[in-house]
Amino acid sequence: MYGQWFIFLCFTLISATAEGRDLPRKVYRKDGDLIIGGLVPLHNFNDTTERCSEARDIGALRLVEAIVFAISSAELSELNGLTLGYEIYDTCSSTSETLWNSLAFIPPVREKNNVIGVVGPQRSSSSIQATKLLGLYEVPVVSYLSTSDELSKSGKYPYFLRTVPPDTFQINVIVDILTMRNWTYVAFIYSDDSYGQNAWSEFLEQTESLDICVGYSYGIPMTTTGDAYDRALTNLMKERTDSLLSVVILFIHFEMASNLFSSAFEQGIYREFIWIGSDAWGNYGAYPVINAEEVALGAFTITPKSYSLPSFDGYFRDMSLTSSNPWLGDFTEEVEACKVNADNCGNDDERPHFESMIVEAVHAYIHAIEEMVEEICTGPMSSDDCATKIIEGRTRFKDALMDVSVDNSGNGLLEFTENGDAVGRYDIRQLQLVDNDYKFLVIGNWSQGSISMELGEYYLRENADETRYNEGIPKSICNDPCGAREIEIPKGCCWSCVSCETGQIANGSECVNCYDPDNDSYQWPDEQGIVCVPLPLLGIIDTPESLIVIGISLLMIVLEITVAVLYIKNRDAKLIRASSRELCYIILFGVFLTLLCAVTYAIPSSFFSCVFVRFVPYIALSLTFIPVATMTVRLHRIFQAGKRSTKRPKFISPVSQITLSLGLTMIPLIWGSVWVVLDPPHVIREKAVMGKGVQYLDAYCRASYPQLLGNLLWHFLTVSVCCYFAVETRNLPANYNQSRFIAFTSFCTLVVFIAFTPAYFLTSDSRARELYSSLGALLQSAVVLILLFVIKLYAVYFVNEEKQVVIPTTQAQPSNDVVREARKSEIEILM
């Protein structure tokens with residue numbers, strides 16, 4: 001392993017020399033028996049020229065001076081005369097520069113091996129390289145801001161410690177914020193290095209058991225162009241359109257954050273997201289969002305808890321411009337502005353006071369040195385010999401450093417875990433607009449698993465969709481919960497809502513039919529669409545047409561009964577006695593049954609009503625029209641026989657006519673009985689939609705089409721016989737034995753039959769079929785009652801009996817004199 005590191009070191013030295021770097025670099029130094037090194041970024045790095053570029057803000061200078069301040073102001077009485085010096089280098093925010101400058105601390109390149117430890121670097125990637133190199137020589141590295149979880153691997157980085165918590169705790173804070181605000185669908189953008197990758201892995205691990213889902217994630221390469229930022233923003237906007245995502249976690253470095261916000265500003269993407277930033281860019285306050293404040297307004301940042309040092313603030317402000325600090329000239333304007341106004345000294349509350357963490361790191365070294373002095377520098381010994389012994393006992397020094405416990409007034413007790421980490425303590429800041437000024441203000445804190453946070457301010461667009469808010473707090477969820485009649489269709493860790501079809505309810509991830517006749521389920525979703533409830537049976541009052549039909553039917557029944565009563569009451573009247581009154585009684589009974597059928601068609605069906613309509617309508621029609629046919633046939637036979645002889649035809653007596661009529665009526669009865677056995681009556685339940693979308697269960701009788709066709713053919717044959725013989729008797733005297741009215745009745749019935757039969761078979765609506773059946777029955781009954789009975793009763797009550805000529809029936813055709821006399825009468829009857 002050491003051979004590999006030696007080759008790596010030689011390669012690094014050769015590469016650095018080939019690039020034209022000069023050793024040593026610019027350094028801020030003070031000699032001492034023991035030296036505490038410093039690696040601090042004072043300048044930015046130009047990836048194109050691969051050189052340090054412009055200076056950073058005055059905050060970077062404060063970090064350098066914090067090391068100087070901590071050493072120069074420390075109480076060193078316990079060091080047995082040892083003096084402490086410092087040696088600080090500029091890392092330029094670059095891993096390569098950090099590694100290059102770290103070479104200055106290793107024993108092979110130093111005149112005197114007296115570097116006890118190093119404070120810094122700032123970035124995790126830089127700390128990884130530095131501690132790998134310095135760890136070979138057992139030189140501890142105590143970082144004040146490197147947070148990558150990678151560095152918590154004490155077996156891999158045994159000489160690395162830090163005064164800042166690892167990213168694991170940052171992820172804890174972020175997850176607690178998401179949980180507190182019920183933000184369950186987020187985007188995660190991270191830097192494609194150990195800092196971002198470890199955070200991304202930790203986030204996935206912590207949210208695996210929680211109801212938090214990542215809708216979009218992207219790792220920004222360390223060396224990237226503007227296309228990567230544009231691509232990330234495009235995908236974010238697409239995800240926001242497809243969901244209710246609002247929260248974007250940015251675990252990236254401050255340069256990346258600055259580029260991302262600038263790109264968003266150029267695209268007009270502002271106040272669209274709630275950004276939650278890690279300390280890598282949150283530590284710099286508003287610096288990463290300069291000129292793009294409207295994009296980041298409302299953003300949260302997680303920063304390690306720090307505290308202000310008034311004594312350091314005074315030291316920094318009073319710092320002489322002639323200081324030996326080699327970089328002071330790069331910050332001349334800022335330092336002069338600081339001397340004029342303390343507000344310009346970079347110690348505002350908008351960003352963390354990281355100088356306090358540097359001071360803690362230096363104090364940790366001093367406490368460990370004190371312990372080593374007490375342990376090994378006993379008896380008379382020069383400071384130089386004591387320093388040598390401490391350097392030679394680096395392994396023991398590292399253990400002493402791990403055991404340090406530093407109490408400070410700002411952050412409480414500083415102790416290192418077995419991995420060299422500090423405990424988790426964070427401030428939660430938010431970028432707010434205060435008096436037309438953009439400021440990162442502390443709105444909460446997090447300490448070892450306990451979070452305290454104010455509601456904060458939210459600055460999404462004023463015209464944002466209200467559905468994206470929940471009691472004033474923006475939502476960040478995949479989608480609103482699906483409605484009562486919607487099911488969730490998974491789309492990755494998100495979902496879309498699909499409405500169930502009419503008559504279905506949502507049952508988990510599938511739609512279930514409430515109305516399923518095949519499984520005897522006659523239900524329908526309730527008003528909320530949550531559960532299936534039995535469909536109410538369609539009542540008479542629910543269908544206006546049924547009410548009308550029933551009303552007309554009842555009136556017709558009353559009329560029919562009235563006619564029957566009057567007919568029976570006047571049965572001995574000459575006109576009624578001469579009109580085959582026995583057959584008329586059968587016809588009246590048939591009409592009554594037909595009217596009952598019209599009512600039965602209009603009411604909800606049951607098993608008994610289905611049995612009723614399988615028999616009664618066709619028996620009723622037979623009882624109505626077979627006697628009418630018998631009348632017409634009887635007339636025809638009488639007059640045909642009169643042409644041949646004076647002998648009276650057979651089977652024209654009332655008994656014969658009644659027997660024949662009732663006998664023929666048995667045909668539909670027998671036909672119906674056969675089909676009731678072959679195809680039993682059955683009630684069919686069917687959903688019906690009434691006015692205003694109200695659902696009912698309509699019950700109707702299943703038609704036996706063979707039986708129906710047979711009965712219709714029989715009925716058609718009967719009416720056709722009536723029509724045929726009505727035509728054959730057309731030459732009889734005017735209304736001879738009511739022949740004209742029988743003809744009208746037959747032809748009107750045939751018209752009704754032809755009109756309603758096709759309509760019945762062409763519709764699939766059971767209610768319409770029943771309505772056609774009812775109307776047909778009513779029309780047939782009305783035709784028969786009016787033409788065969790009402791007119792006759794009218795003659796009985798309103799025509800003088802003297803004018804009623806009744807023609808006696810003889811064995812032969814009536815004489816011409818009788819016929820001529822009959823034609824003068826208003827009504828002519830054949831007895």
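1. A word on terms to begin with: accessible areas here come from the Shrake-Rupley method with a 1.4 Å probe. On that basis the protein exposes about 36,900 Å², and carbon and sulfur atoms supply 55% of that area. Please keep in mind that this is a predicted model.

2. For the overall picture, the protein has 831 residues, of which 54% count as buried. It contains 24 helices and 31 strands. Among contacts with a separation of 6 or more, 70% are between residues 24 or more positions apart.

3. Do have a look at the open, mixed sheet, whose 6 strands run in the order β1-β5-β2-β6-β7-β8. At its edges lie β1 (27-30) and β8 (160-162), each pairing on one side only. Neighbouring strands are turned by 20° against each other on average, direction ignored.

4. Within this sheet, β2 (residues 34-40) and β6 (residues 115-119) pair in the parallel sense over 4 bridges; I35 has V115 in β6 as its bridge partner. Helix α13 (residues 355-376) packs on the sheet and touches β2, β5 (84-90), β6 and β7 (141-143). The direction of α13 makes about 160° with that of β6.

5. A helix pair is worth a visit too: the axes of α2 (residues 58-72) and α11 (residues 310-317) come within 10 Å and cross at roughly 110°. The two helices are therefore roughly perpendicular to each other.

6. Which residues of α2 meet α11? They are I58, L61, R62, E65, A66, V68 and F69, and they meet S311, F312, D313, Y315 and F316 in α11. The residues of this contact divide into 8 nonpolar, 1 polar and 3 charged.

Methods. Residues numbered from 1 in each chain as written. Predicted model: local features only at pLDDT ≥ 70, side-chain atom pairs only at ≥ 80, totals over all residues. Heavy atoms only, no water. Axes fitted to C-alpha atoms, helices over the stretch in contact; angles between N-to-C directions. Parallel < 35°, antiparallel > 145°, perpendicular 65-115°, else oblique. Contact = heavy atoms within 4.5 Å. Nonpolar A, V, L, I, M, F, W, Y, C, P; charged D, E, K, R; others polar. Buried < 20%, exposed > 50% of the residue type's maximum accessible area, 1.4 Å probe, protein only. Pairing = 2+ DSSP bridges.
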